[in-house]
Amino acid sequence: MIARLSPLIVEDAVARALKEDFGDAGDITTNATIPADAIAKAVIAARKPGYIAGIDAALAAFRLVEPTIAIDMEKDDGARVQKGDVILSINGPARGVLSAERVALNFLGHLSGIATATAALVEAVAGTNAKIVCTRKTTPGLRAFEKHAVRCGGGHNHRFGLYDAVMIKDNHIAAAGGIAK
C-alpha cells in the first residue's frame, strides 16, 4: 500500500485548480445547457496501459464540486491498468460531474503519466542494485503530488526541498570559489 497524501494538501490544491477553472462565473457552458435535475453516469477508464496516480485528487474534485456524487473506486493509486480498465465509476448530478471532470482528469492524467514513466525506469533497472529516485525539480505547487506519483510507479523520493538534506552541486562549488582540500 502506498502512503496517501495528506487530505488537507489534496483538498487545497484541488480547490485552487477548481477556482482557476471556474473563475468568478462557474461552469457557464454546463449551467446553460444541462438541466439542474439531470443525472449522469460516467466512468473514467484507462486510455492505455500504465500505472495509476492521482485518485485522491480526482475524488476531491468531484466531492468539492458536488458532494452528492457517488463514486466507486475500481483502482487505487499504484495499480497497473490496461487500456479500457475502469478506474472510477461516477453517478450523480450531471452539472457537478461535468464541471469537475476536467480538473479530476488533469490530475489523474498528469500524475499517472509520471507513475507510468517511473515504472518503466524501475523495470529497466530490475535485477540490479539501482534505485530510481526523483529530484525536487517538480511543477510549482504540485511537488507532493508528483513525488507521490513517483512512489506509485515504484520509485523512491529524494529530498523534498532545500530544507531536508544537504546536496552540494557544481553551482555551489563555483559560487564558493572552489573546494579546499
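Reader: Which element supplies the largest share of the lining of the largest pocket?

Author: This is a predicted model, in which local features need pLDDT of at least 70, side-chain atom pairs count only at pLDDT 80 or more, and totals for chains, interfaces and linings use all residues. Residues are numbered from 1 along each chain as its sequence is written, and side-chain values use heavy atoms, with hydrogens and water left out. A pocket is an open set of points on a 1 Å grid over the protein atoms alone, with protein on both sides within 12 Å along at least five of seven lines, and its lining residues have an atom within 4 Å of a point. Strand E1 (39-45), E2 and H4 each give two or more residues to the lining of the largest pocket, and the largest share, 7 residues, comes from H4.

Reader: What is the volume of the largest pocket, and which residues lie nearest its centre?

Author: A volume is the space filled by probe spheres set on the grid points, which are joined across faces, edges and corners. For the largest pocket this volume is about 410 Å³. Its lining has 18 residues, and those nearest the centre are Ala 46, Arg 47, Leu 108, Gly 109 and Ser 112.

Reader: How do the residues of that lining divide by class?

Author: Ala, Val, Leu, Ile, Met, Phe, Trp, Tyr, Cys and Pro count as nonpolar, Asp, Glu, Lys and Arg as charged, and the others, Gly among them, as polar. The lining of the largest pocket then divides into 10 nonpolar, 5 polar and 3 charged residues.

Reader: Which elements each supply at least two residues of the lining of the second largest pocket?

Author: The second largest pocket holds about 290 Å³ of space. Of its 13 lining residues, Ala 13, Ala 17, Glu 20, Phe 107 and Leu 142 lie nearest its centre. By class, this lining has 7 nonpolar, 3 polar and 3 charged residues. The elements that each supply at least two of its residues are H1 and H4.

Reader: Which residues line the largest cavity?

Author: A cavity is a set of grid points where a 1.4 Å probe fits but cannot get out. The structure holds 1 cavity of 30 Å³ or more, and about 40 Å³ of space lies in the largest cavity. Its lining consists of Leu 5, Val 10, Gly 54, Ile 55, Asp 56, Ala 57, Asp 77, Leu 111, Phe 145 and His 148.

Reader: Which element gives the largest share of that cavity's lining?

Author: The residues of this lining divide into 6 nonpolar, 2 polar and 2 charged. The largest share, 3 residues, comes from H3.

Reader: Why is helix H5 described as largely enclosed by the rest of the structure?

Author: Buried means under 20% relative accessible area, exposed over 50%, and partly exposed in between, with a 1.4 Å probe and protein chains only. Among the elements covering the buried residues of H5 are helix H1 (7-22), strand E2 (50-51), helix H3 (55-65) and helix H4 (94-124). The buried residues themselves are Phe 145, Glu 146, Lys 147, His 148, Ala 149, Val 150 and Cys 152. Helix H5 (residues 143-152) is largely enclosed because its buried residues number 7 of the 10.

Reader: Which residues have the most contacts inside the largest nonpolar core?

Author: In soluble globular proteins, nonpolar side chains tend to be buried together. A nonpolar core is a set of buried Ala, Val, Leu, Ile, Met, Phe, Trp, Tyr and Cys residues joined through side-chain atoms within 4.5 Å. The largest one has 36 residues, and those with the most contacts inside it are Val 14, Phe 62, Leu 88, Phe 107 and Phe 145.

Reader: Which residues does Val 14 touch, not counting residues up to four places away in sequence?

Author: A contact means heavy atoms within 4.5 Å. With residues up to four places away in sequence left out, Val 14 touches Ala 57, Ala 60, Ala 61, Leu 64, Val 103 and Phe 107.

Reader: Is Pro 35 buried, exposed or partly exposed?

Author: Pro 35 is found in the loop between helix H2 (28-33) and E1. Its C-alpha atom is separated by 8.2 Å from that of Ala 94, 59 residues apart along the chain. At 46% relative accessibility, Pro 35 counts as partly exposed.

Reader: How many helices and strands does the protein have?

Author: Helices (H or I, at least four residues) and strands (E, at least two) are DSSP runs, numbered from the N terminus. From that end, the elements run α-α-β-β-α-β-β-β-α-α-α. The secondary structure comes to 6 helices and 5 strands.
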